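Me: Hi! I have a structure open and would like to talk it through with you. Could you help me make sense of it?

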2 protein chains.
Amino acid sequence: MAEETRALHDEISVDCVIFGFDFEKLNVLLVDRVMFDVSTGKKIIDDLTLTGNHVYVDEDLDEAASRVLFDLTGLTDIYLEQFKSYGSPSRINCEKDRAWLEFNGRDPDKRIVTIGYYSLLATDKITLEWKGRNVSWYPVDDIKELAFDHMQILNEALDSLRTKLLHEPVGFELLPEKFTLSQLQRVYEIVLGKELDKRNFRKKVSRMNYLIPLDEKQKGVPHKPARLYSFNRDIYEATKEDVMDFVV
Amino acid sequence: MAEETRALHDEISVDCVIFGFDFEKLNVLLVDRVMFDVSTGKKIIDDLTLTGNHVYVDEDLDEAASRVLFDLTGLTDIYLEQFKSYGSPSRINCEKDRAWLEFNGRDPDKRIVTIGYYSLLATDKITLEWKGRNVSWYPVDDIKELAFDHMQILNEALDSLRTKLLHEPVGFELLPEKFTLSQLQRVYEIVLGKELDKRNFRKKVSRMNYLIPLDEKQKGVPHKPARLYSFNRDIYEATKEDVMDFVV
DNA sequence: GCAAAAGTGTTGTCTCTACACCCATGT
DNA sequence: ACATGGGTGTAGAGACAACACTTTTGC
């Protein structure tokens, strides 16, 4: 099988909004986009993009997104959610974007449809280089602009994540396998942008029978060590009830 | 502007799951797919597809979906929601699908990425012919199979609609502008597949201040005429509170 | 006057919110 | 001993589920 001849599709890509949590804030993985003027040697582009890639012509969309994740992390079982597709003919049409595309041997007049995914990472095992470009974490709150329409994609991924977090237990995906209740609470607070009452939060999660208290405590912390918990997906899937309560 | 030369994109399409409600059941608009053997004249394909179309090379995805809706209904302000994209290389690969594509002058080996939309219709003002094919309503519950991967798309559209209905007031979109509370209740019951208690339902909707009671009643019904209500989107948008209550 | 759907209240249980203090550990 | 976050209970308010009868119209 001649893998090296596999063709990338020109006009179909995936973009991955990779969220990571460091117990303090929500971060997103971004890639440097730097370009120099060939004659003067001056930087003419220096900004950031989401991670993403074109899709192989014989590759499923989810596969393409997983592949991007794998290239960046070496991990295969990462939480990944398709949330929206973007295909505006003008989505990559600003001057810098056109120059960048041309520089990379692509036709800037060709519309690219991109399928947006977001993923949640418990760790920060991430390569620091990717396709020859620098990759690093940036706090979501600090990001004000991105290349192409990636700011819009990021914002909509975040909305989508918030909605998801309100209705399904995905917060665990942003934490290591064993975590404390305070860490879990912080995930909710940071993602939802809202302070929560500690006692009420614990009362609420104590009703989640898929949240397993372990016989294990934090170690080496300069305060009362917290009990560790883990998330049991099987129990969740088996006992989740259909919430039948529409909103006011 | 040479509109007639505008090119459709070969490999990018939209599919629209058009839901309609007739006060009794949920229906979906489907198109006949019929094909005869050129030599024997025998029907070799006779099934149904969702409505959909390829996207023009310079057309946004939402526009393409709106265009399909407009072609079918002549209406422009239809509730339309993008819910998922599909791009499996094998999604249009069964024998019938390949024969149909070939017959229609397309390359059956080419993967088509399709962007799935669903829409909600208050009326059934629908053309009965579309691109030379018959179009009609089918009860969602009766549909067991469809061409291509359209059964999967339909099922996922329905899931998506149910989730939406639980969290946002979209039920109104399936009703005429003026409707009774019993009609609204039936929308919830049919879409969610669950009977609801009349008194509890009315208590619940009475808390929705964007549901406006009109000084008007049903006419010509052989029972006590019901009061009519309408939905005020402005009030909803202005007063919707951020639900901050994650599930157990 | 009959059939058919409209409309209406109460009670017990559960969940939400708001709020303050002692506990176990590392330094 | 002190700083730090861990861990716990209560009371009032609002929402949920279950449940049965009277009203108004067309025929």
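Me: What is the handedness of the crossing where H3(A) passes H4(A)?
Reply: H3(A) passes H4(A) in a left-handed crossing; left-handed means that the near helix is turned anticlockwise from the far one by less than a right angle, and right-handed that it is turned clockwise. Helices (H or I, at least four residues) and strands (E, at least two) are DSSP runs, numbered from the N terminus.

Me: Before we go on, what sort of model is this?
Reply: It is a predicted model, in which local features need pLDDT of at least 70, side-chain atom pairs count only at pLDDT 80 or more, and totals for chains, interfaces and linings use all residues. Residues are numbered from 1 along each chain as its sequence is written, while chains are lettered from A and ligands numbered from 1 in the order in which they are written.

Me: Thanks! Which residues meet between H3(A) and H4(A)?
Reply: A:Leu161, A:Arg162 and A:Leu165 of H3(A) meet A:Tyr188, A:Val191 and A:Leu192 of H4(A). Contact means C-beta atoms, placed from the backbone, within 7 Å.

Me: And by class?
Reply: That contact of H3(A) with H4(A) has five nonpolar residues, no polar ones and one charged. Ala, Val, Leu, Ile, Met, Phe, Trp, Tyr, Cys and Pro count as nonpolar, Asp, Glu, Lys and Arg as charged, and the others, Gly among them, as polar.

Me: New topic, the DNA. Which residues come nearest to DNA strand C?
Reply: There are 24 residues around DNA strand C, and A:Pro222, A:Lys224, B:Ser182, B:Arg199 and B:His223 come nearest. Near means a C-beta atom, placed from the backbone, within 6 Å of the strand.

Me: Which helix gives the most there?
Reply: H5(A) does, with five residues of the surface near DNA strand C. By class, that surface has six nonpolar, six polar and 12 charged residues.

Me: What about DNA strand D?
Reply: Around DNA strand D there are 24 residues, with A:Ser182, A:Arg199, A:His223, A:Lys224 and B:Lys224 coming nearest. Here H5(B) has the largest share of the surface, four residues. The classes are six nonpolar, six polar and 12 charged.

Me: Last one: how many residues does each chain put into the contact between A and B?
Reply: Chain A gives 27 residues and chain B gives 27 residues. On the side of chain B that touches chain A, 16 residues are nonpolar, five polar and six charged.

Definitions and conventions:
Two residues are in contact if their C-beta atoms, placed from the backbone, lie within 7 Å.
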